[in-house]
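Q: I am new to this structure. Please pick one part, look at it closely, and then move on to the ligand.

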Amino acid sequence: MSSLLNFIDYRARARQRLPKALFEYIDRGSEDEQALLRIRSSLDQITLTPSLLNGVDQPELRTPLLGQALAMPLVIAPTALAGLVSFQGEIKLARTARDLGIPFCVSTQSVTTVEEIRKQVPDANLWFQLYVWKDRNLTRQLLERVQAAGVDTLVITADTPVSPKREYNVRNGFSIPLKPSLALLLDVLGHPSWLVSVWLRQWLASGMPSYGHYPAQFRAAVTQQTVHEAVRLENRLTWNDIRQIRSGWHGRLVIKGVLSPQDALLARDEGADAIVVSAHGGRNLDIAPAPIQVLPAIAEAVGGDLQIIADSGVTRGSDVLKYLALGADAVMVGRLPLWGLAAAGQQGATDSLRMLRNEMELAMTLLGAHSVRDCRKANVLGRQRALFVKPSPGAYPEITA
Ligand SMILES: Cc1cc2nc3c(=O)[nH]c(=O)nc-3n(C[C@H](O)[C@H](O)[C@H](O)COP(=O)(O)O)c2cc1C
């Protein structure tokens with residue numbers, strides 16, 4: 001893995017390994033991909049000024065979050081279909097999280113179920129991300145399974161009432177089960193090692209890859225036009241639903257997708273323990289603000305009452321420090337560990353986050369920050385200007401290889 005030195009290398013390796021349809025599903029945004037550009041350029045506008053001669057030897061990354069002691073302020077974000085990126089991808093991500101001392105948030109739309117992940121990795125710190133289905137009884141049953149699997153932290157994703165418009169998925173024929181087309185066939189045949197080591201292996205082990213948590217009678221059709229009404233995402237979700245789920249859920253509750261102080265205050269009032277300030281990695285609402293732009297106002301409104309996790313666009317350790325400096329207690333990472341997983345399986349996912357950790361330590365030393373708490377006190381420039389960012393030419397550097 002010594003040739004993979006930064007996120008650009010991991011992403012380029014992932015692009016080689018995965019069929020184009022799957023790579024783009026992970027990598028891209030929605031509609032005109034302005035949110036994706038905004039996230040990157042807003043982060044780039046922020047600078048942190050060092051505090052000199054602080055004698056930092058080994059920066060301390062350990063941090064408390066939701067009553068748990070994390071080895072560093074990171075959480076592996078919930079990502080649908082990680083089991084298509086590598087065979088048993090979700091189990092590998094859980095092992096990565098365990099080895100690094102951080103939580104892994106299992107998606108409602110994972111290929112492997114939370115019970116199976118728990119069985120394979122009993123000592124992992126598992127969180128669960130909930131998409132509320134239209135059929136509330138099925139949703140309730142799912143939550144009972146999650147609780148029985150020993151999960152304490154529930155993350156309700158509030159920013160996805162409907163599936164967003166991602167035209168490249170349509171052009172690439174990306175759906176589960178995959179709709180046969182000549183273009184898709186050629187795409188998959190052009191990546192024989194993925195076809196054999198992921199797709200065929202999964203198919204032989206447990207049939208056509210699919211959303212593992214979905215009740216068997218609805219599973220085959222997910223993500224197609226004909227998705228069954230019962231497991232459609234609930235577009236009429238309200239704060240009343242959050243109140244109901246809160247009253248039945250005995251663990252910690254996190255609301256994901258908050259982008260305004262008003263919603264942060266509502267989340268607090270409805271009994272959430274934390275929020276994720278998130279633009280869903282630029283994959284949903286294309287006119288959404290970048291989380292780093294709105295984070296200071298949200299932290300000011302609820303910082304003392306709620307813990308704040310932030311995400312979107314983290315590709316460097318310094319991105320994590322920027323989120324911490326502007327008010328986050330921890331940060332979720334989505335694409336980076338998926339690129340690592342695609343590049344080299346569990347080892348790749350672990351190495352990609354170790355790389356992030358090393359970059360954080362390096363940047364903290366250069367900043368003169370002894371601890372995560374010190375990052376909160378960092379001198380931040382760009383806070384105001386970040387509201388008026390110009391899009392940079394591309395969210396990620398072009399891959400030339
Ligand atoms: C391939 C992929 C699938 C995702 N699936 C989910 C999901 O099932 N539930 C959810 O709440 N967020 C999902 N997300 C969003 C992530 O949880 C997270 O908010 C986002 O990836 C953070 O941005 P980053 O990828 O730039 O780190 C997904 C993101 C990606 C890249």
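A: Start with D241. Setting aside neighbours within four places in sequence, D241 is in contact with R136 and R236; contact means heavy atoms within 4.5 Å. This is a predicted model, where local features need pLDDT of at least 70 and side-chain atom pairs pLDDT 80 or more, while totals for chains, interfaces and linings use all residues. Numbering runs from 1 along each chain as its sequence is written, and side-chain values use heavy atoms, without hydrogens or water.

D241 sits in helix 11, residues 239–248. Helices here are DSSP runs of H or I with at least four residues, numbered from the N terminus. Is D241 buried or exposed? D241 is buried, at a relative accessible area of 10%; buried means under 20%, with a 1.4 Å probe and protein chains only. The D241 side chain also reaches the backbone nitrogen of T238, at 2.7 Å.

Now the ligand. It is surrounded by 22 residues, the closest being P78, S107, T157, D311 and G313; each has a heavy atom within 4 Å of it. By class, this shell has eight nonpolar, 10 polar and four charged residues. Gly counts as polar here.

Some atom pairs stand out. A side-chain N or O atom of S107 is 2.8 Å from a ligand oxygen. One in the side chain of K256 is 3.0 Å from a ligand nitrogen. G313 uses a backbone N or O atom, 2.8 Å from a ligand oxygen. The protein covers 98% of the 590 Å² of accessible area that the ligand has on its own, by the Shrake-Rupley method with a 1.4 Å probe. Helix 2 (20–27) and helix 15 (335–367) are the elements that give two or more residues to the shell.

Terms used: Polar contact = N/O pair within 3.5 Å; in protein donor to acceptor, adjacent residues only side chain to side chain. Buried < 20%, exposed > 50% of the residue type's maximum accessible area, 1.4 Å probe, protein only.
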